[in-house]
Amino acid sequence: MLDTNRSPGGSPTRGNASHWCPVSSPLPTRVVLLTGPSGSGKSSLAARSGLPVLRLDDFYKEGDDPTLPVVEGSSDIDWDSPLSWDADVAVAAVAELCRTGRTEVPVYDIATSARTGTETLDIARTPLFIAEGIFAADIAARCRELGLLADAICLRGRPSTTFRRRLARDLREGRKSVLFLLRRGYRLMRAERSIVARHIALGAYACGSDEALGRLAAAAAGRHRTAAAAV
């Protein structure tokens with residue numbers, strides 16, 4: 001859980017939810033967009049924060065959608081292209097959470113590339129929540145224009161570490177065939193630095209997990225952070 005009494009540059013410690021929940025006068029609800037290459041640790045970091053989480057991967061298009069892009073020179077669907085994802089519906093969900101504290105979201109099964117139902121995400125009047133996914137930076141400008149954005153963060157690390165973490169997760173969860181996962185994994189490892197650079201260009205601040213937790217603590221304390229490129 002975030003400790004908002006610590007400096008955003010320090011190492012946050014876990015504390016009680018009262019450190020960020022409204023007590024007397026509720027603050028406007030804002031979102032922290034958490035992005036990074038697939039396997040960079042976004043979901044784990046979001047869970048560590050203790051903040052409510054909107055899973056942006058649930059807004060993928062379904063496998064029979066004719067608008068899905070394919071990897072150049074291959075018949076594989078390019079699930080790492082933002083064209084495989086419904087940004088408009090994702091932004092609408094973020095906006096509704098900020099406005100009302102609840103929204104209906106799809107439940108997406110990555111293994112079958114299909115939506116299996118919907119569920120209600122209720123964050124009450126929590127002043128801050130995380131929306132995490134590999135396309136989070138793609139909606140940063142729109143969230144900023146709507147006055148919803150508290151921060152946009154891109155997790156980055158060693159491409160080889162990300163590759164191993166991503167492959168272990170995808171095999172454990174049976175997300176796709178082994179051959180597909182290996183092809184995708186090597187392609188993403190080679191492209192990881194350019195993926196991070198793209199997220200920075202879209203307005204996300206690139207950093208490791210410790211600094212990301214510090215920025216989350218600052219946002220939870222109401223100290224708005226302007227995303228800037230880390231070099």
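Helices, as named here, are DSSP runs of at least four residues, numbered from the N terminus. In this predicted model, helix H2 covers residues 87-100 and includes Cys98. Cys98 has a relative accessibility of 7% and is therefore classed as buried, because buried means under 20% relative accessible area. Apart from its neighbours within four places in sequence, Cys98 contacts Thr29, Arg30, Val31, Arg125, Phe129 and Leu148. Leu149 is 51 residues away from Cys98 in sequence, yet the C-alpha to C-alpha distance between Cys98 and Leu149 is 9.8 Å.

Helix H1 was examined for its buried residues, which are Lys42, Leu45, Ala46 and Ser49. These residues span an arc of only 100° around the axis, so they lie on the same side of H1. The packing partners of the buried residues of H1 include strands and a helix: strand E1 (30-35), strand E2 (53-55), strand E5 (128-132), strand E6 (149-155) and helix H6 (209-220). Gly50, which comes just after H1, adopts a positive phi of about 80°.

Rolling a probe the size of a water molecule over the atoms shows where empty space is left. The largest pocket has a volume of about 690 Å³. Its lining is made up of 31 residues, and those closest to the centre of this pocket are Asp57, Ile110, Arg169, Glu173 and Arg175. Two or more lining residues of the largest pocket come from each of helix H1 (42-49), strand E3 (102-109), helix H4 (159-173) and helix H5 (178-201). H4 provides the largest share of this lining, with six residues. Sorted by class, the lining of the largest pocket contains 15 charged, eight polar and eight nonpolar residues.

A total of 15 residues line the second largest pocket, and Asp80, Phe135, Leu188, Ala191 and Ile195 are nearest its centre. By class, the lining of the second largest pocket consists of seven nonpolar, four polar and four charged residues.

Notes. Residues are numbered from 1 along each chain as its sequence is written. This is a predicted model: local features need pLDDT of at least 70, side-chain atom pairs count only at pLDDT 80 or more; totals for chains, interfaces and linings use all residues. Side-chain values use heavy atoms; hydrogens and water are left out. Buried means under 20% relative accessible area, exposed over 50%, partly exposed in between (1.4 Å probe, protein chains only). Contact means heavy atoms within 4.5 Å. On a 1 Å grid over the protein atoms alone, a cavity is a set of points where a 1.4 Å probe fits but cannot get out, and a pocket is an open set with protein on both sides within 12 Å along at least five of seven lines; lining residues have an atom within 4 Å of a point. Grid points are joined across faces, edges and corners, and a volume is the space filled by probe spheres set on the points. Ala, Val, Leu, Ile, Met, Phe, Trp, Tyr, Cys and Pro count as nonpolar, Asp, Glu, Lys and Arg as charged, and the others, Gly among them, as polar. The arc is that of the directions from the helix axis to the C-beta atoms.
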